Structure formats: structure tokens, C-alpha cells
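Thanks for making the time this morning. I would like to take you through one model, beginning with the fold as a whole and ending with its pocket.

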Amino acid sequence: MLLVLPDTDDATREYLGTFAAHHDAWAWLHTQLLALLPAPAAFVGDMPFPVLHDEDGRVRTALAVRDSAAVIVADQDGRIMQMQHAPTAATLPDVETVLAWAWDVAKPKGG
């Protein structure tokens, strides 16, 4: 799962913090989290998952989220299963919604 955030402000820190607080749930779902910020931020050391910075914007541009935020959920083969754009971290889906998306991707399929 990739969390793309357009700022390094308090709303971003709080949003990432909600995902960090559910670290056990992500582990149980075998879901790897990765966050992408536009610049280094002091709070990244508090996160139990990698937080990268994309200062020149190349990665965010390639993902079509240059000046916005996004949550991208992919399956184990890298196929994007869910992607939600929003103008800011505060307007992205909450962690419970994203956990439900991750469950839908991770749960065993019939057969």
C-alpha cells in the first residue's frame, strides 16, 4: 500500500499516525505500507514503515498525484486494486476504510 501525501504538515503527521497505530492489523493482513512525502519531515522516524521523500516530484507526477494526496492499494502481484485521490491528507479515506480495502485484497479467494 502506498500513501502519497502532498505536504509535511500536522494533518499529514496525524494521518500517517493513524496508520502507524494500526501496525498490527497491517502485519496480520500481510500488507506492507510505504509513504511518499514531497520533502523530508521530522516525524518520519516515529513511523513503523518506510517514509520516502520525492523532492523533485518525479514519482508523484508518474502516479498522477503531483499536487494531491492518494491511497493506493495493490495486491501481492503489484496490480492496483484500489486508488483514491484527495486534495489533502485530511480528505483521504480514514484508516478503517483503507483497512477494509486491504482486507478485500488480502482475504483468500474461493476455489
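What share of the contacts in the chain with a separation of 6 or more is accounted for by residues 24 or more positions apart? In this model, which is a predicted one, the share is 55%.

Let me set that beside the secondary structure. The chain holds four helices and five strands, and, read from the N terminus on, these elements follow the order β-α-α-β-β-α-β-β-α.

As for overall dimensions, a compact globule of 111 residues would have a radius of gyration near 13 Å, and the chain agrees with that, because its own value is 13 Å. Along the principal axes, the box filled by the C-alpha atoms is roughly 45 × 25 × 20 Å. Of the 111 residues, 40% count as buried, while the accessible surface of the chain comes to about 6,300 Å², with 54% of that belonging to carbon and sulfur atoms.

Now to the pocket. The largest pocket has a volume of about 380 Å³, and 18 residues line it, with Ala74, Asp75, Gln76, Val105 and Ala106 lying nearest its centre. Which element gives the most to the lining of this pocket? That is α4, with four residues; α4 spans 95–106, and both it and β4, which spans 69–74, supply at least two residues of the lining. Sorted by class, the lining of the largest pocket is made up of eight nonpolar, six charged and four polar residues.

Methods
Residues are numbered from 1 along each chain as its sequence is written. This is a predicted model: local features need pLDDT of at least 70, side-chain atom pairs count only at pLDDT 80 or more; totals for chains, interfaces and linings use all residues. Side-chain values use heavy atoms; hydrogens and water are left out. On a 1 Å grid over the protein atoms alone, a cavity is a set of points where a 1.4 Å probe fits but cannot get out, and a pocket is an open set with protein on both sides within 12 Å along at least five of seven lines; lining residues have an atom within 4 Å of a point. Grid points are joined across faces, edges and corners, and a volume is the space filled by probe spheres set on the points. Ala, Val, Leu, Ile, Met, Phe, Trp, Tyr, Cys and Pro count as nonpolar, Asp, Glu, Lys and Arg as charged, and the others, Gly among them, as polar. The radius of gyration is taken over C-alpha atoms; the globule rule is 2.2 Å times the number of residues to the power 0.38. Buried means under 20% relative accessible area, exposed over 50%, partly exposed in between (1.4 Å probe, protein chains only). Contact means heavy atoms within 4.5 Å. Accessible areas come from the Shrake-Rupley method with a 1.4 Å probe; for residues, only the protein chains shown count as cover.
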